Amino acid sequence: MNRPSPLDNVRIVLSHTSHAGNIGATARAMKTMGLSALYLVNPKSFPSNEADVRASNARDILEQARVVGCLEEALQDCILAAAMTARPRDLAHRTLAAREAAGELFHHARHAPVALVFGRESSGLTTAEIGKCQITVHIPANPDYASLNLAAAVQLMAYELRMASTETMPAASQQSIYRLASFQEIELFYSHLEQAMIYSGFLDPAQPKRLMQRIRRLFARAQLEKEEVNILRGIISALEKRRSG
């Protein structure tokens, strides 16, 4: 019997894909590199005969694919999500090149689910979607023509993940990653903090500017552990009680 691989913990997430053929080609790209978890956020057309044709012998990936209504559903239980982006973003999270990002994703996938998130063919991921992730990933392509087909980008990242799986991880780098907070825990913390800031008058919901975006970037760099999230939420709760007391 085959032993479970950390690659089984790597989710490929396609958000709002317009062309069904790209979904099929993505499935084929995944299977050639040993990935199997495909999540589709509001695809325009799926299931689709075109997707089946493009998948070739990887139709099993399509049959097992999970179709969800929002990115939050796709990232359930993930301890790290990486957003693919082709262009620099204002107030972006920590950005890694493809190879470095693949190594970090695989390292975390040894302990819990992780996700690699791809956006629309025409415009990529929205700022809000990138804000749900902890890191952004850039493929160092030709600066004069950096446009990559969606399935080609998936194939490249799947290859890098495959290569990362062949490297031996030094014992010294085996950190307590299993204690990292999950996506749900982080999102509940952000919601709690935002409500507390509104209640205190620090955040004006009518003119929020980009405060929460900056806060997300700040804590994304920290890669919070479960205990740290509990401490932060405990501090917020204590301050709320003191204010209402």
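Q: What volume does the largest cavity have?
A: The largest cavity has about 190 Å³. A cavity here is a set of points on a 1 Å grid over the protein atoms alone, where a 1.4 Å probe fits but cannot get out. Grid points are joined across faces, edges and corners, and the volume is the space filled by probe spheres set on them.

Q: Before we go on, what sort of model is this?
A: This is a predicted model: local features need pLDDT of at least 70, side-chain atom pairs count only at pLDDT 80 or more, and totals for chains, interfaces and linings use all residues. Residues are numbered from 1 along each chain as its sequence is written, and side-chain values use heavy atoms, with hydrogens and water left out.

Q: OK, back to the cavity. How many residues line it?
A: The largest cavity has 21 lining residues, meaning residues with an atom within 4 Å of a point. Nearest its centre lie I79, Q134, A181, I186 and Q223.

Q: Which elements give two or more residues to that lining?
A: β4 (80-84), α8 and α9 do. Helices (H or I, at least four residues) and strands (E, at least two) are DSSP runs, numbered from the N terminus.

Q: Which of them gives the most?
A: α8, with four residues.

Q: How does the lining divide by class?
A: Into 14 nonpolar, four polar and three charged residues. Ala, Val, Leu, Ile, Met, Phe, Trp, Tyr, Cys and Pro count as nonpolar, Asp, Glu, Lys and Arg as charged, and the others, Gly among them, as polar.

Q: And the largest pocket, how much space lies in that?
A: About 530 Å³. A pocket is an open set with protein on both sides within 12 Å along at least five of seven lines. The largest pocket is lined by 24 residues, and T85, A86, G124, L148 and A153 are the closest to its centre. The elements giving two or more residues to its lining are β7 (135-138) and α7. By class, that lining has 11 nonpolar, nine polar and four charged residues.

Q: Switching to charges. How many salt bridges does the structure hold?
A: Nine. A salt bridge needs a side-chain nitrogen of Lys or Arg within 4 Å of a carboxyl oxygen of Asp or Glu.

Q: What does R99 pair with?
A: R99 forms a salt bridge with E160, and their closest N and O atoms are 3.0 Å apart. The pair links distant parts of the chain, R99 in helix α5 (residues 98-109) and E160 in helix α7, 61 residues apart.

Q: Where does R216 come in?
A: R216 forms a salt bridge with E187, closest N and O atoms 2.9 Å apart. R216 is in helix α9 (residues 211-222) and E187 in helix α8, 29 residues apart. Both R216 and E187 are buried. Salt bridges that share partners join E72, K132, E187 and R216 into one network.

Q: What about K226?
A: K226 forms a salt bridge with E185, at 3.2 Å between the closest N and O atoms. That pair joins helix α10 (residues 226-244) to helix α8, 41 residues apart. K226 is partly exposed, with 32%, and E185 is partly exposed too, at 28%.

Q: Last topic, α1. How much of it is buried?
A: 10 of its 13 residues. What covers them includes β1 (10-15), β2 (37-41), α2 (49-55), α3 (59-64) and α7 (150-165).

Q: What span should α1 have, and what does the model show?
A: Helix α1 (residues 20-32) should span 18 Å, and its end C-alpha atoms are 19 Å apart, which agrees. The expected span is 1.5 Å times one less than the number of residues.

Q: What follows α1?
A: G34, whose phi is positive, near 85 degrees.

Conventions. Buried means under 20% relative accessible area, exposed over 50%, partly exposed in between (1.4 Å probe, protein chains only). Contact means heavy atoms within 4.5 Å.
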